[in-house]
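Colleague: Could you walk me through one part of this model up close, and then tell me what else you'd look at around it?

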Amino acid sequence: MNYRHDANQYLASAGEKLNTQKVQDLKYAALELRMAMEAITYDRAIAYKDEFPPEEFQTWQPRKVMRVLLDIDPIADKDSTISFGLEEEYGVQAPVMTSLGTEKVLNMNTLSKHYDALGSYLHIQSMKQVREGKKLNTDKMRTRLKDITVFLKAVLSSPVFNSTMGSFATIKCLECNKPVRKRIPHDKETLGAECFECHSTYTLSLQENGQVEWKPHHRQVLCGNPDCDEEALVWEHEEKIGRFWTCPGCKGTNEFAAGVLFIPFKEDKISES
């Protein structure tokens, strides 16, 4: 599905509804603009598909999707300009840079300001609003819809879009051997990572030499049999009630369980003199 193409169609349809000058068409314009904002946000999420948690693909609310993106990349909703040039000195910006263009992004602030407001235009006035004599200000509504249209046109006309460049660290998961890839923000020295395949987790630490250290979240657990000294490697995500493993030494079963320990009451006896 081409969300960006769909967003352009929704935006064009909204423009047609606004141009009719009919008050009843305003709510249809609001619906088209709302759908355009959804499509643009989903298009942005697809650009991060290799970093996007699989379970989050079920999320449809644009603000929630944007929160996931910002957790992945703190500058995911920021405008950016892509330029290139020939370095004269390694690591130093070239004296002459050529711009490929600037990307305008539908950011969290705009989503928070307008998305829910557009939704409110799709409903009739509440009984409370009617009782209080509040009427829908169609002039204000039209102005807002036009402002949103102008902003979304700028977003969709960006000569470059969905740029997701960054620094990454990658390893093969120590549990399932699948690749785990994590974006490394410039302002963080430690952060967490999860394997989307088996859900094993890690802590990443940026070292002074620029390398990244991956610390797996697992530990050695001693067999519950008091007569056995075998240990098993257990990942943090496996420590759940009902999960178990078979001890290779005594062949017994070790299962994680919740329990209550009862300690009988002992009455203190005072010795009589």
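**The sheet, then a helix pair**

Modeller: Let's start with a strand pair: S5 and strand S6 (residues 201-206) run antiparallel to each other and share five bridges. Keep in mind that this is a predicted model.

The axes of helix H4 (residues 108-120) and helix H6 (residues 138-156) come within 12 Å and cross at roughly 135°. Antiparallel would need an angle over 145 degrees, so H4 and H6 end up as oblique. The crossing of H4 past H6 is left-handed. On the H4 side, the residues involved are Thr 110, Lys 113, His 114, Ala 117 and Leu 118, and they meet Arg 144, Leu 145, Ile 148 and Phe 151 of H6. That H4–H6 contact splits into five nonpolar, two polar and two charged residues.

One more stop is Arg 4, which sits in helix H1 (residues 3-19). Arg 4 counts as buried because its relative accessibility is 11%, and the cut-off is under 20%. Beyond its neighbours within four places in sequence, Arg 4 touches Asp 43, Val 155, Leu 156, Ser 158 and Phe 161.

Notes: Residues are numbered from 1 along each chain as its sequence is written. This is a predicted model: local features need pLDDT of at least 70, side-chain atom pairs count only at pLDDT 80 or more; totals for chains, interfaces and linings use all residues. Side-chain values use heavy atoms; hydrogens and water are left out. Helices (H or I, at least four residues) and strands (E, at least two) are DSSP runs, numbered from the N terminus. Buried means under 20% relative accessible area, exposed over 50%, partly exposed in between (1.4 Å probe, protein chains only). Contact means heavy atoms within 4.5 Å. Two strands pair if DSSP finds at least two bridges between them. Axes are lines fitted to C-alpha atoms, for helices over the stretch in contact, and angles run from 0 to 180 degrees between N-to-C directions. Angles under 35 degrees count as roughly parallel, over 145 as roughly antiparallel, 65 to 115 as roughly perpendicular and the rest as oblique. A crossing is left-handed if the near helix is turned anticlockwise from the far one by less than a right angle, and right-handed if clockwise. Ala, Val, Leu, Ile, Met, Phe, Trp, Tyr, Cys and Pro count as nonpolar, Asp, Glu, Lys and Arg as charged, and the others, Gly among them, as polar.
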